[in-house]
Amino acid sequence: MAEVLLTGAVRSLNFRVNHYRKNMARGEVNFVRYADDFAVCFQYKDDAVRFKEALKERLEKFELTMHPDKARLIEFGRFAAENRRRRGEGKPETFDFLEFTHICAVAGLNRKFKLKSVTIDKRCRAKLLSLKEESRKLIN
């Protein structure tokens, strides 16, 4: 039963994002989904704010909420570092998605934007610790 509900919810989410992208967004909208995790990227902040509010209202109809640490708006992408530097805000924020921490980075001599993805630290440490414990068991 839970799988049927999840399938319906995923189809609804896909439909809503595509509808928003085609009919309401001012700029580009990109959507990445894997099972029940997803990220929505917007060219313009006002599009992101409107979408987040609409999604929150939709979820409330089903007595669901968005997790405050996971459902957040961040400035990210090729212009984020320069925009934040001009405002005196420091480096762009990072975000965790699908076992990786995603970071705004630059590459090469021309300093072009690069999306850098690294394994999430806490999961990497936990895996190393479990491997260390298993190797100790094998040695003893």
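## Ground rules

Two strands count as paired if DSSP finds at least two bridges between them. Strands (E, at least two residues) and helices (H or I, at least four) are DSSP runs, numbered from the N terminus.

The model here is predicted, with local features needing pLDDT of at least 70, side-chain atom pairs counting only at pLDDT 80 or more, and totals for chains, interfaces and linings using all residues. Numbering starts from 1 along each chain as its sequence is written, and side-chain values use heavy atoms, with hydrogens and water left out.

## The sheet

Let's start with His 102, which sits opposite Ser 117 in β5. Strand β4 (residues 100-107) and β5 run antiparallel and are joined by 8 bridges.

## The loop between β3 and β4

Two residues to look at here are Leu 98 and Glu 99. Leu 98 lies in the loop between β3 and β4, and its phi is positive, near 55 degrees, though it isn't a glycine. Glu 99 is in the loop between β3 and β4 as well, with a positive phi of about 70 degrees. For context, most residues other than glycine have a negative phi.

Leu 98 is partly exposed at 32% relative accessibility, and Glu 99 is partly exposed at 44% (buried means under 20% relative accessible area, exposed over 50%, partly exposed in between, with a 1.4 Å probe and protein chains only).

## The nonpolar core

The largest nonpolar core has 9 residues, among them Leu 13, Val 17, Phe 31 and Phe 51. Such a core is a set of buried Ala, Val, Leu, Ile, Met, Phe, Trp, Tyr and Cys residues joined through side-chain atoms within 4.5 Å. α1 (2-23), β1 (29-34) and α2 (45-61) are the elements that give two or more residues to this core.

Leaving aside neighbours within four places in sequence, Val 17 is in contact (heavy atoms within 4.5 Å) with Phe 31 and Phe 51.
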